[in-house]
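Subject: Structure for you to look at

Hello,

Here is the structure I said I would pass on. My notes follow below it.

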Amino acid sequence: MSNVSHTRADITSHPDVSEMRERYARMLGGRDVALVDGPVFLVGLYCAVSPWVLHFTASQPTLVQHNLIMGIAIAVLGLGFTAMPDRMYGLSWAICAMGIWMIVSPWVVGSSPDMGVILNNVIIGGLTLLLGLVCAGAAARSNRTQGTPLSTP
């Protein structure tokens with residue numbers, strides 16, 4: 001019969017304990033900004049649907065396409081941060097650039113946008129820039145503590 005007692009054995013005597021600890025630390029090491037992945041994704045989704053939420057589909061058709069494409073791109077990067085954090089946090093600076101572009105896009109892409117459209121894109125851009133900076137800072141801090149360069153292949 002098997003031993004079904006619920007006593008816990010001490011793992012310190014396990015022959016692979018150091019390897020298991022290193023692997024556990026490596027798995028948790030790249031997840032410093034796990035709480036930012038979701039908000040990046042949600043900001044991207046809102047950016048994509050914002051023309052229909054604020055009803056500027058008729059007055060700003062080029063900005064509708066722009067926000068849809070940029071929103072999908074931001075959401076895909078947010079999903080990438082969740083799926084492959086070690087490889088994707090190097091793209092945190094791209095999120096920052098997308099945030100800056102979202103701030104200036106109503107005047108570049110749009111044609112005489114009203115205050116609601118401007119505020120919408122400035123808020124989306126500001127949030128995107130802020131979240132990108134948080135991701136970039138955490139990636140730099142994580143790479144500094146691990147001793148690896150920022151752009152590892």
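Of the 153 residues of the protein, 36% count as buried, where buried means under 20% relative accessible area, exposed over 50%, and partly exposed in between (1.4 Å probe, protein chains only). The model is predicted, and local features need pLDDT of at least 70, side-chain atom pairs count only at pLDDT 80 or more, and totals for chains, interfaces and linings use all residues. Residues are numbered from 1 along each chain as its sequence is written, and side-chain values use heavy atoms, with hydrogens and water left out.

The protein has six helices and zero strands; helices (H or I, at least four residues) and strands (E, at least two) are DSSP runs, numbered from the N terminus. The accessible surface comes to about 9,700 Å², with 68% of that belonging to carbon and sulfur atoms; the areas come from the Shrake-Rupley method with a 1.4 Å probe, and for residues only the protein chains shown count as cover.

The largest nonpolar core has 17 residues, and Val40 and Phe81 have the most contacts inside it. Such a core is a set of buried Ala, Val, Leu, Ile, Met, Phe, Trp, Tyr and Cys residues joined through side-chain atoms within 4.5 Å. At least two residues of this core come from each of α2 (34–53), α3 (61–83), α5 and α6 (115–146).

Helix α5 covers residues 92–108, and its 17 residues should span 24 Å at 1.5 Å a residue; the end C-alpha atoms are 24 Å apart, which agrees. The expected span is 1.5 Å times one less than the number of residues. At Met102 in α5 there is a kink of about 35°, shortly before the proline Pro106; the bend at a residue is the angle between axes fitted to the seven residues ending there and the seven starting there. Both Met102 and Pro106 are among the buried residues of α5, which also include Ile95 and Gly99.

His66 lies in helix α3 and is buried, with a relative accessible area of 12%. Leaving aside neighbours within four places in sequence, His66 is in contact (heavy atoms within 4.5 Å) with Trp101, Met102, Ser105 and Val109.

Finally, the UniProt record: an unreviewed entry lists residues 33–54, 66–84, 91–109 and 115–140 for "transmembrane region". Its positions are given in the numbering used here, feature names are shortened, and annotations may be inferred rather than shown by experiment. In the model, residues 115–140 are 100% helix and 0% strand, with end C-alpha atoms 37 Å apart.

Regards
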